[in-house]
Amino acid sequence: LDFILVTHEHPDHCDPKAMDRLDKSARVLCNTDSLKASIRKLGFAQVDVLAEWEVAEAAGLTITAVPAIHDIEEVGFVVKAAAHTVYFAGDTNTQPEFTDIAERLSPTFAILPVDGTRLIGGEQWVMTPGDAVAAAKVLGVSGAMPSHADAYFSDRLVRAGLASTIAGANEIFAKALAAALPGVRAENPAPGELILLAAAA
């Protein structure tokens, strides 16, 4: 590993047990000082905080932290290398900053959350498949894949207060993307499956 990018402190994005098994020589980029301190305690020597629109460069990559809207402080990341620029949106909800991300960084591929996670009977925290399709259109990408559609809350108290409101969100996203943006390739890889970005160009 060259880099580990941590968008926010929720355990599906920064699980200390999983992080502890990773290559400690990798450089970690995260979004808060408290998260930096926690990651350093695991033995990672190179941990940096990137605020919105800050940039890190190394190993032929340009990595930019970009705005995100969630129930806690979060960033997304845009990684540029050679001909491709990949946007990982973390767990963001719909936001007007998609326009700025498109104009400033011109992503070619986007990884977008799609399951519409919300408080039961309350506020939505993550984009729905339709929201993600609209985001892909604004971003102007040539390929996209869904994320955050297979979340499982192991804590019963959390399950009692949260709900992934849209079952089958990955498939719904792929069909909606094909219908609305037929020129944009939809990817839905299995765990461990390799996606070649050149195929999405």
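The side chain of N31 reaches the backbone oxygen of T7 at 3.4 Å, and the backbone oxygen of E73 lies 3.0 Å from a polar atom of that N31 side chain; a polar contact is taken here as a pair of N or O atoms within 3.5 Å, where within protein one must be able to donate a hydrogen and the other to accept it, and residues adjacent in sequence count only if both atoms are side-chain atoms. The structure is a predicted model, in which local features need pLDDT of at least 70 and side-chain atom pairs count only at pLDDT 80 or more, while totals for chains, interfaces and linings use all residues. Residues are numbered from 1 along each chain as its sequence is written, and side-chain values use heavy atoms, with hydrogens and water left out.

N31 is buried, with a relative accessible area of 6% (buried meaning under 20%, exposed over 50% and partly exposed in between, with a 1.4 Å probe and protein chains only). Not counting residues up to four places away in sequence, N31 touches V6, T7, H8, V49, L50, E73, E74 and V75, contact being heavy atoms within 4.5 Å.

N31 is placed in the loop between β2 and α2, where helices (H or I, at least four residues) and strands (E, at least two) are DSSP runs numbered from the N terminus. An open sheet is formed by 3 strands in the order β1-β2-β3, with parallel pairing, two strands being paired if DSSP finds at least two bridges between them. The edge strands, β1 (3–5) and β3 (47–49), each pair on one side only. Between β1 and β2 (residues 27–30) the parallel pairing runs over 3 bridges, and V28 in β2 is the bridge partner of I4.
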